[in-house]
Amino acid sequence: MKNLLSSSFVLIDPTIDENYPTVILESIACGTPVVSYNTGGCKEAMHDCGIIVDKYDFESLVNAALDIYNKKVSFREKFCHLSIKDID
């Protein structure tokens with residue numbers, strides 16, 4: 001899982017009902033930014049290491065992921081820096 005997350009540019013977590021998704025924490029630990037709905041504990045789990053969009057707004061979810069993908073280096077460097085700080 002670590003190799004997969006580390007080599008990804010973004011993790012899209014489309015959950016609409018989850019209290020504290022561990023996949024978000026795993027992604028952050030690997031330095032991979034997350035795009036998720038504002039639901040359950042997703043926002044709290046992300047610690048500013050990704051983009052939160054309104055629940056059920058699929059278009060915003062996709063657009064946020066594309067924004068990260070199209071700006072691979074700048075977003076990845078920003079989120080990797082944040083994720084390392086959050087884990088320490």
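## Close-up views of a predicted model

View 1. Tyr 56 is exposed, at a relative accessible area of 59% (buried means under 20%, exposed over 50% and partly exposed in between, with a 1.4 Å probe and protein chains only). Tyr 56 sits in the loop that joins strand 3 (50–53) to helix 4; helices (H or I, at least four residues) and strands (E, at least two) are DSSP runs, numbered from the N terminus. Its phi is near 70°, which is positive although the residue is not glycine. The model is predicted, so local features need pLDDT of at least 70 and side-chain atom pairs count only at pLDDT 80 or more, while totals for chains, interfaces and linings use all residues. Residues are numbered from 1 along each chain as its sequence is written, and side-chain values use heavy atoms, with hydrogens and water left out.

**View 2. The protein chain as a whole.** Five helices and three strands are present in the protein chain. Their order from the N terminus is α-β-α-β-α-β-α-α. Of the 88 residues, 39% are buried. Among contacts (heavy atoms within 4.5 Å) with a separation of 6 or more, 43% are between residues 24 or more positions apart. The accessible surface (Shrake-Rupley method, 1.4 Å probe; for residues, only the protein chains shown count as cover) is about 5,300 Å², and carbon and sulfur atoms hold 54% of that surface.

**View 3. The largest nonpolar core.** This core has ten residues: Leu 5, Leu 11, Ile 24, Ile 28, Cys 30, Val 34, Cys 42, Ala 45, Met 46 and Cys 49. A nonpolar core is a set of buried Ala, Val, Leu, Ile, Met, Phe, Trp, Tyr and Cys residues joined through side-chain atoms within 4.5 Å. At least two residues of the core come from each of helix 2 (22–29) and helix 3 (42–46). Helix 3 contributes the most, three residues. Another core of eight residues lies apart from this one and includes Tyr 37, Val 53, Leu 61 and Ala 64.

**View 4. Surroundings of Ile 24.** With neighbours within four places in sequence left aside, Ile 24 contacts Leu 11, Asp 13, Val 34, Ser 36, Cys 42, Ala 45 and Met 46.

**View 5. The loop at Gly 41.** Gly 41 belongs to the loop between strand 2 (34–37) and helix 3. Gly 41 is buried, at 6% relative accessibility. Beyond neighbours within four places in sequence, its contacts are Glu 18, Asn 19, Tyr 20 and Pro 21.

**View 6. The aromatic pair of Phe 9 and Tyr 69.** One aromatic pair is counted, where rings of Phe, Tyr and Trp (its six-membered ring) pair if their centres lie within 6.5 Å, and planes under 30 degrees apart count as stacked, over 60 as edge-to-face and the rest as tilted. Phe 9 and Tyr 69 are edge-to-face, with 5.9 Å from centre to centre and 90° between the planes. Phe 9 is in the loop between helix 1 (2–6) and strand 1 (11–13), and Tyr 69 is in helix 4, 60 residues apart. Phe 9 is partly exposed at 34% relative accessibility, and Tyr 69 is partly exposed at 41%.
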